[in-house]
Structure formats: structure tokens, C-alpha cells
Amino acid sequence: MGNDVTCEQLREIGAELALGVLPGRQRAGAVEHLDRCADCREYIEQLTLVGDGLLGLLPGSEPPAGFETRVARRLHQAAAHDDRSRLHGRGLLPRKGFRSRARMRLAAAAAALALAFGFGGWTVGTVLSNEAAAPSRPAEVGAGMLHAQLTTVGHGRGPVGEIYLHRGPPTWVYMSVDLADAGNMYGGKISCVLVHKDGSTVRVGTFTLHHGYGYWGAPASVNPTTLSGARLTSADGTVLATAHFGAG
Amino acid sequence: MRVIFRGRLAIRQPGRTVYPGMQRFRFPVGRLPDEALLSGLATGDPELAATFVRRFQHTVFGVAIAVLGDPQLAEDVSQQTFERAWRHAQIYDSRRGSVTTWLTAIAHNLAIDVARARRPVPVAPEDLDTLLDVVTDTATPEQLALADEASAALRSAVARLPREQGRALVMAGIYGMTGQQIADVEQIPLGTAKTRIRTAMGKLRSTLVSPKRGDHG
């Protein structure tokens, strides 16, 4: 199923989509359809409620003794990792941090969630997020992906985020931005502008930064092979950060 | 971890810990609303985190053990669920569903990932029938106490499904099996498997009298 899923076709596969068991290619077409069809979004939302409700029928079960303590230890270790990685970001420790990976996973998940929540609930959202953020596939950069670091303009303060462009089809853009790492606590709308090799540009979406931090993702109608990079611009057109795609 | 709450956004601030939202609560943390506890989890406050885990571990582990059937794997998935909740607390949106529903979905997806990695077909036939019976049987007193009308209606609707549709529903909805996997297990054509999923879901959808998200207890 390609990019032209009809409402009738969507109703055929909607249950599988809502339950998160629709094969990837069909899912991509369905998601694209939902992006432009409010009726089908509502339909899927209702089916997602059913899926959530089904899980709610599962009986609870007491975990093994000591579980709470082990979770606490795990959270403590994760927080310690994050703190250490923050030091990496400031150049106080060698940079190859957990935080950036974690943030990317979070960003990819959140971007997918943000999109998914336009039409559905947790199930669809987390299923989509898993595609980008499953533990077994953490922030891979392979033949199907373009990746670049976002860097601030002019100050040479280093990376302030990452952009991933999944070749698709459909092509998807995910990005995570943390301008606070460069001391910029900008808040407000920013635009993601993709730059072609011939210098022309196309704005593919806007999202909001809070205190310099934000994440976003969306399908993009672009040919990935023609792209050279990306820019982040504020509402007044100021370029906040740029990225240059290397070999994918 | 030093964090300041501002609305739903947790903001790290070096040197001090301020919980403006939390300061308004004048009763034990065990009585905090789920959302407040989730926010507390994000702060790294040990007491709030422990309370959060204590409140939801029964539900989270229940989902994981139902999908995986292995206590050790289920515990690992449950731990991952709480870690993910901690990391993602800032993007939780109560308009989309309850904290319980959110956590359940996280645990479910993690469990399915593990199940898929372990074996091609994530369920043995006898496990499937057992789980279908559990889902459709009369709820325990505890479940009855927690369940709302929609949940009870849904349970009844699942129980009324023809057995083959109920099996397809459980395989897809709980074990995360694709139509093709269901077709293989049931030895039926792919189209039949898809039809069973679709028909079952359609019947359950019609039971949603008042589609209030995430209130299934």
C-alpha cells in the first residue's frame, strides 16, 4: 500500500493499525492518510481506545520482592549517567555521552508521539515511537537515514542537537534541539528548513522550544538525495542552528 | 537531580530544588494524584519516585507477565517501563489518557519487543486460551472495585465474541501478533485472520458508549 490509502482501505486496516500490528509499509501509508482525514483519525482514535481498554482488562500481578528497590537503583544509575553526560556536553569529560543518545531516543519517540497524538492515543503513539526508539534499535544511522548534528551559528559552541532524516518512503524528519547547551534559553516557535544542494530551501514544519529545548518530527515531501543540510530559524527569521548531512 | 516545576515542564536549575506545584499538597504523598506523582518521578525525588512505583508496579508487572510469562523478563520490562516513564514524564499529556493507560502502553510495547526478539511466535496455544479466559472471566473483587462501566462493558463484549475472534483479538491486541502470524498459528488464510481482528475490534468499538479515554481502571 503506497501513499494513496483511501478511507475504505483505512477502515480495512484500522484495527491492526490501532493495535500496532500493521506491517510497516502499510502503516506508513495509513499514517499519511490520517494526517489529512479527520474522520479516519476519529475512527482510529476509537479503535485505539478499544486497544487500551483491552490491556486494561489484564489482571495486575505483584512483582518479585525487592522490585521497588531495584527500580530506584536503576533510576539513580540513569540519573547519574545523565549528569555525567551533561559534563560531557560542557567539555569537562570526553564527549560520547549517554544523554545525547537518550535525548535522541526521547526526541524520536516524542516526535512520533506528537504526530500520533494528532489522531490517536497511547497505543498508536507508542507503537510509532517504538519504531524509532525501541531499545533494540537505538538511534541507528544506516543506509535509510541521514543524520547531522545541529550546531549554533557563529559562536563555535558545538552541537546543540541532532537531525535525522529517514529516507522512507515516506520521508520523515526527526530532530532534537537543546540550545541551552550553548547558553541560549530561547523559547517560542522555530522552523525547520531543509536546504537543497542547489541552495534552495523548503520549510517542512514548525515546533516550539521551551527554554532552548524541544523535539519534533514530521513526514516531509522532499527527495533526500537532493538535500545538503538543514537550518533552524526563529519566528523573525534568525538562523539559530544549522546542520550538514554527511553520507547516510 | 535539581528540578524546578513550571506548569508541566520540569526545568533543571543548579543548586536548589523547588517544587512549586508540590508545595500546595498538604497531605501524604501516597494520596497525591497520579499526575502529580508522575511529575514527582521526573524530579528524582526518592519518596515520590518510590510512591509512584509502589502505586503502579502491580499494573505494570501484570501487563509484562501476561505478555511474556517469564517473571525475570517481566521484571526487566517493568523496570524499563518505570525508567521510560521517568525520562518521558515531561511529554505525558493527561488529555490523551490516564497515567495508568500511559504506563500500560509503555509496558506493553516493551514486552512485545522482548517477546518478538525471543521467538518468532510469541504465544503458545495453551497460554492463549488461558489469557483469553482471564480477560473474559468475571473480574476479581479487586478488579470490580477499580473497574468502571466502560471496562465492564468491554469485558462483556470480549466474552461475547466468537472464540476464534476472541483468540485473534488477544493475539493481536495483547501479544502484538501480526495478521500473518495469527494466520500461521491458526492455520487460516491471511485474509481470514485480518477479518477476525477487524470484526472483533468493530464489535468492541460499538460498545464504547461514552468514549472517555483511559478510564478503564
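Which residues form one aromatic cluster? They are Phe67(A), Phe52(B), Phe56(B) and Phe82(B), and I would like to build this short talk around two of them.

A word on the model before that. This is a predicted model, in which local features need pLDDT of at least 70 and side-chain atom pairs count only at pLDDT 80 or more, while totals for chains, interfaces and linings use all residues. Residues are numbered from 1 along each chain as its sequence is written, chains are lettered from A and ligands numbered from 1 in the order in which they are written, and side-chain values use heavy atoms, with hydrogens and water left out.

Let me turn to the rings. Rings of Phe, Tyr and Trp (its six-membered ring) pair if their centres lie within 6.5 Å, and planes under 30 degrees apart count as stacked, over 60 as edge-to-face and the rest as tilted. By this rule there are four aromatic pairs over all chains. For Phe52(B) and Phe82(B) the ring centres are 6.0 Å apart and the planes stand at 85 degrees, so this pair is edge-to-face. Phe52(B) belongs to helix 2 of chain B and Phe82(B) to helix 3 (residues 71-88) of chain B, so the pair ties together parts that are 30 residues apart in sequence. Helices here are DSSP runs of H or I with at least four residues, strands are runs of E with at least two, and both are numbered from the N terminus.

Now to the surroundings. A nonpolar core is a set of buried Ala, Val, Leu, Ile, Met, Phe, Trp, Tyr and Cys residues joined through side-chain atoms within 4.5 Å. The largest one has 86 residues, and Phe52(B) is among those with the most contacts inside it, together with Leu10(A), Leu38(B) and Ile174(B). Helix 2 (residues 46-68) of chain B gives the most to this core, namely twelve residues. Apart from it lies another core, of 28 residues, including Leu165(A) and Val204(A).

Finally, chain B as a whole has ten helices and two strands, and of its 217 residues, 53% count as buried. Read along the sequence, the pattern of chain B is β-β-α-α-α-α-α-α-α-α-α-α.

Conventions: Buried means under 20% relative accessible area, exposed over 50%, partly exposed in between (1.4 Å probe, protein chains only).
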